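Keep the viewer open and follow along section by section.

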Amino acid sequence: MSAKAISEQTGKEFLYKHICTSAAVQNRFRYASVTAGTDWGRLTQEHPWLLTERLVIKPDQLIKRRGKLGLVGINLDLQGVREWFKAHVMRETTVGKAKGVLKNFLIEPFVPHPQEEEFYVCIYATREGDHVLFHHEGGVEVGDVDAKAQRLLVAVDEKLSEEQVTEKLLPHVPDEKKKVLASFIVGLFNLYEDLYFTYLEINPIVVTKDGVYVLDMAAKIDATADYICKAKWGDVEFPPPFGREAYPEEAYIADLDAKSGASLKLTLLNPCGRIWTMVAGGGASVVYSDTICDLGGVEELANYGEYSGAPSEQQTYDYAKTILSLMTREKHTQGKVLIIGGSIANFTNVAATFKGIVRAIKDYQGPLKEHEVTIFVRRGGPNYQEGLRVMGEVGKTTGIPIHVFGTETHMTAIVGMALGHRPIPNQPPMDAHTANFLLNASNSAVTPATTRTASFSEPKTSSDVNPAKKSKAALPAAKPTTLFRKQTKAIVWGMQTRAVQGMMDFDYVCSRDDPSVAAMVYPFTGDHKQKFYWGHKEILVPVYKNMADAVKKHPEVDVLISFASLRSAFDSTMESMQYPQIHTIAIIAEGIPEAQTRKIIKMADEKGVTIIGPATVGGIKPGCFKIGNTGGMLDNILASKLYRPGSVAYVSRSGGMSNELNNIISRTTDGVYEGVAIGGDRYPGSTFMDHVLRYQDTPGVKMIIVLGEIGGTEEYKICQGIREGRITKPVVCWCIGTCATMFASEVQFGHAGACANQASETAVAKNQALRDAGAYVPKSFDELGDVIKTVYDDLVANGTIVPAQEVPPPTVPMDYSWARELGLIRKPASFMTSICDERGQELIYAGMPITEVFKEEMGLGGVLGLLWFQRRLPRYACQFIEMCLMVTADHGPAVSGAHNTIVCARAGKDLISSLTSGLLTIVSTAHTHTHHAAIFKQTEQKAHRCLLLPTFDNVSKTVVSAHEFQGDRFGGALDAAAKQFSKAFDSGMLPMEFVNKMKKDGKLIMGIGHRVKSINNPDMRVQILKDFVKQHFPSTQLLDYALDVEKITTSKKPNLILNVDGFIGVAFVDLLRMCGGFTRDEADEFVEIGALNGIFVLGRSMGFIGHYLDQKRLKQGLYRHPWDDISYVLPEHMSM
C-alpha cells in the first residue's frame, strides 16, 4: 500500500527534526514513550523533565478523538501519570466498533493556555493538489472542520507562501499571531512535501507568547517513498490500526514482500476463525473477502491477504506455510476451509506458484488432516492446467479433501461451495489444454482472412430499432476517443522480451499486417537488435539506449509502454512526454510515490497525453493492440476471443480482474471491444470516467462495464454522467470491497487506493449511488456475469447488437520453451550435472542447501567432498583435505608453475591469464610410460656423464626422483603414485618385488624422491600429514605399504623418500577405501578419473594467485631473462 499511518511520536520526531520556520517551536523532542515493561527509574534519567514539570499522558495507537473518549490524562505530576497509566495499561477499550488493548503511551509536558490560543491545521493530498485546512478554534470540540475550516488548495508543483496563508486561512486570527502561524504553516507544508506525507493533522496547535506548541498530531506518509526519504525517515515502524494486534507472521510476510519484486500481503483478522484464504491478486483478494462476508462468513474470516506479481516457488512456499501454520494452531468444531483462489493471471506461471503451495501442503499434511481442513482451489492463467493437476494429485496422495476448478467455474463459486451454499460438482467441466488453442481446429490450412476492426456486432438498419439518446455536453470533453488502432505502433521501455513476444503473437492472431512493437529502449546497453518471432519467421527489433533516438527513428510511434522500475519510471515518463508524437503511455511499475504520480498526471493533462497506470497490467483492444502482458498468454487470448472485437467495453482497476472480466464477457456476450486496467494506485493516470466517456463516444461499443472498488470518489462522476445524459449506453457496474464496512478495524486491501477515508468512499455507498443513478448493479460479484448477460441479451433482442459469425484466427506456433514447460515435447539435454543446482530459491551442493552447509560448519573440505565426491565425508576426511590444500599451496617462486605465473604477471597479464600459465606448467599427466622409460635412460646417461649421481644398483636407477624429470610430476604424481602403489598392493607384491618389477619394466616409481629433503632432513609437510593420518584414519594399509617401499629406497640413497605428492596419493586411496562412504569400485574410479590431481591443482592455485598479487603489489616490471643464464649453442657454420 502507499499511505500508511505513523504513530504520533514518529510524526512529531519528523516535525521537530526537519521543520524549517521562523516560528519558535517549543518542547522539541520532549516526549517519552512508555509501555507495560518500562523501567521508570531509567526513564526519568533519560528524561529528567518528567520530575519537574506538569505532564500529559495519552495512548499512542492511532486512536481518534482520545480527549472525548477520556483517554488523556492532563496536568498531572509524575506520580499522577504513573497512577493514570496503571489504571489504563493493558485495559481493553472500545473505540467505535474496534476493541483493543491499550499498550503504548506518550508522555509530554503539559502546556497551560486559554481556549482562544488553540487552533486547528490539517494538510491532505488529493489528485489535484494538497488541501490546507485551518480553523481558528481548535481542540476537542472542533466539530465538523470540513464545514467550518478555511481551505486552500495548493496545486501540484506549486508552492505555498506566507501571504497566501495569511490572506486565505487566517482572517479570523488575531493580528499578533498571524505572522507566527503563517510562518509555521508554510514550514509545515514544506515539511509535508519534503518527507512525502499524505496526511498531517495537528489539533490543537497552541500559539502563545513563547511560540508554537504541537499538542496532538496524526499523520500518514507515503511508504513507497522510502527509497527517497530513507535518510530522513530512518527505520519507520507502521503500527496496526487500533483493535488489531501486530502479529509476527504479518511482519515476516511484510519482510518477504520488501525483499521481493512480487507482492505478498497478510493481515490477520481472527486467528481463531475457520475460513482462511490464500488468494492471488490484489483485486481478486478483495472480491473473495466480499463474497465470504456476503455469504455470512465475516465472523469466521481469519485473514486477508494476497500474493501476486509472479512470486517464485520458494516465495509462494514461504507464504503458504505461514498460512498453514497459523490455521493449524487451534481446532474448530466445524473443521476449517482454505480457499486458494484467484482470477485469471496475466503473466504469473500458475503451475510454478502452485508447486510452492503443494510443498507446503505436503509439509503440513498431518496438522491439516488433524484440523479437518478442506481446500477449495480455483485459478486460471499461464499453465494453470498443470497447476490444477498437481494440486488435485496432492489431495489424492495426502488424503486431504482438495476440490479443484479452473476458468470454466465462476471465480467466486468456490466460496459458496466452501460455506455450504452450493453443491460441489463431482466432475467439474475442464477447459481444453493450453496446447489445444494453438492447433488449427479447422480442416483448412489456409490462414483466415483479416478480421474486422469495427465492432463484432453489426448495426441493424430496420426502422424498428430505437435510436440511442442524444448525448448532452454537460461534463468536460474527454481526451481523444481512440487510443489504439490496427496500425498503432509502440515503443517498449525496458528489456521485457516475454511481454514483447506476447504482443507480437497477439498481433499475429489479430491478422495485423505488421508487429505493433516498433522499437525498444534499454538504457543499460548500446544500440543493438533483439530477435523475436512473427508467426513462423524470425524478425529483428531495434533496441536503443535512449528515448530520443527511438522516437527520432520511428516517427510512426504514438504509444509508449514503460516497464521502467518504480525508481526510474517518473524520470523516464516525464522525458517521454516531451516528444509530441507520444499520445498514450502505459506505466506498469507499482510503488511509484503518489507525489510523483500527480506530477505525471499534471504534465499529461497539459500535453494531452493519456496515461494508463501506474501499477497496471495495461489494456487490450481485441483485433488491434494489447499492452504488454495484458490478457495473458495465447491460450487465454483465444479462449476469451480477444483476437477480434466484440461489443462490450470495460474499465477496471485490477489487472488480474480485468482478465477475469475478459473471461466473463466472452462467456456471456459476443466479446470485448476494449478493456483497460487503470491501476490500483490512489491516483491513476486516467480515471474511470475518462474511459467511460471514450466508450460512450465509440460507435462500436454497445455496453459498458465498470469494476470499481473501495476508496476514492471517481464512481460518483459516472453517476453524474448518467443523470445528466452524458452517458446513455447501458452501464453495468460493481464496486468491490463491500466487506470493509463489516470489519471492526480498518483493513488496507491489496491496492494502494483501496481504503475508504470517509463513508462516501465505501464500496457499499458507491454501489447504492450507482444503482440509484440508473446503472445496472448486481447484488454481489457472484451475480455480475448474470447481470451482464441479461443486459446483453436485451441489446440483442432490441437489435442494438447483432452477433456476427465467428472467424477463426490464424494459428501461431508455440515457443519451444513454453511447449517444454507444458510437457508437450521433450529434448535430450546438452549437459548433465549431478553435483549442483542453482535453479531454486537456494543453491544446492549435491543435494544439500547452502544454508545447511554453513549451519553444519562443513568447511572447505566438506564442500569439496560434496562437489567432487557427492558425499558428506567424515569430519576427519574434511580436515585431511584442507590440510592437503594447505601443504600444497606453494613451493616457492623457483618451481616452473610459480615462475611462469610471475613472468605473466610482470608482462601485465590479468590474474586469470597468469594463473592459467602456471597451471598449464604443472599439469602434465598425459605422458606415456614409454616416454617415462626414455627419460629414465637419458637421465641415467646424464648422471654418469655429469657425475651428479653415483652408479647404484638396479634399485637406485629405478627410483630417481620424479622432481628431476618432465613427466608425471607436480599434481600428476598424486594420481600416478596412487595408481602404481594401489596396483602393486592389490596384486599382493611385496615391496621389494614391486621395486624390482618397476626397474625391469623401465618405469619410474611416482612419489618417491626429493631434490632437497631426505631421510635425515625430513619434509615437515609429510610428517604433519603422517601424524594426522595415523591418528584419525581407520586404516592405512596402502600408506604402510608405501612406507615399506621408502625403507628400501632410502637404504640406497637418503633423498629417495616418500615425498608429499606420493604421501597424499596413497593416503587418499586409504581414505576413499576405508572411510565407509564409497564402494571399492567407486574409490578406484575417483583415482582413475584424476580426483587426486585436483587436490594439487586447487592447492597450488592459491599459491600462484599469491605470487601474482605479490608481483602486482611490488610493481615489478617486464621480466627479461639474463644473458649470462643462457648457453648459446649455435651451429658451427653460423658462428664462423
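## The overall fold

Among contacts in the protein with a separation of 6 or more, 74% join residues 24 or more positions apart, where contact means heavy atoms within 4.5 Å. This is a predicted model, in which local features need pLDDT of at least 70 and side-chain atom pairs count only at pLDDT 80 or more, while totals for chains, interfaces and linings use all residues. Residues are numbered from 1 along each chain as its sequence is written, and side-chain values use heavy atoms, with hydrogens and water left out.

The protein has 40 helices and 35 strands; these are DSSP runs numbered from the N terminus, with helices being H or I of at least four residues and strands E of at least two. Of its 1136 residues, 55% are buried. Here buried means under 20% relative accessible area, exposed over 50%, and partly exposed in between (1.4 Å probe, protein chains only).

Start with α10, residues 313-327. Since 12 of the 15 residues are buried, α10 is largely enclosed by the rest of the structure. Among the buried ones are Y317, Y319 and M327.

At the start of α30, a side-chain oxygen of D910 comes within 3.1 Å of the backbone nitrogen of I912.

## Two buried residues

L770 sits in helix α23 (residues 763-773) and counts as buried, because its relative accessibility is 0%. Not counting residues up to four places away in sequence, L770 touches E715, I718, C719, C733, C735, A775 and V777.

P684 belongs to the loop between β30 (672-677) and α21 (688-696). At 5% relative accessibility, P684 is buried too. Leaving aside neighbours within four places in sequence, the contacts of P684 include R127, I601 and R653. A615 lies 69 residues from P684 in sequence, yet their C-alpha atoms are 8.3 Å apart.

## Salt bridges

How many salt bridges does the structure hold? There are 52, each defined as a side-chain nitrogen of Lys or Arg within 4 Å of a carboxyl oxygen of Asp or Glu. One of them pairs K12 with E108, with the closest N and O atoms 2.5 Å apart. That pair links helix α1 (residues 8-18) to strand β7 (residues 105-109), across 96 residues, and both partners are buried.

R682 and E594 meet in another salt bridge, at 2.9 Å from N to O. R682 is in the loop between β30 and α21 and E594 is in helix α18 (residues 594-607), so the pair ties together parts 88 residues apart in sequence. R682 is partly exposed at 22% relative accessibility, whereas E594 is buried at 6%. Salt bridges that share partners also join E8, K12, K58, R66, E108 and D216 into one network.

How values were computed: A polar contact is a pair of N or O atoms within 3.5 Å; within protein, one must be able to donate a hydrogen and the other to accept it, and residues adjacent in sequence count only if both atoms are side-chain atoms. The expected span of a helix is 1.5 Å times one less than its number of residues.
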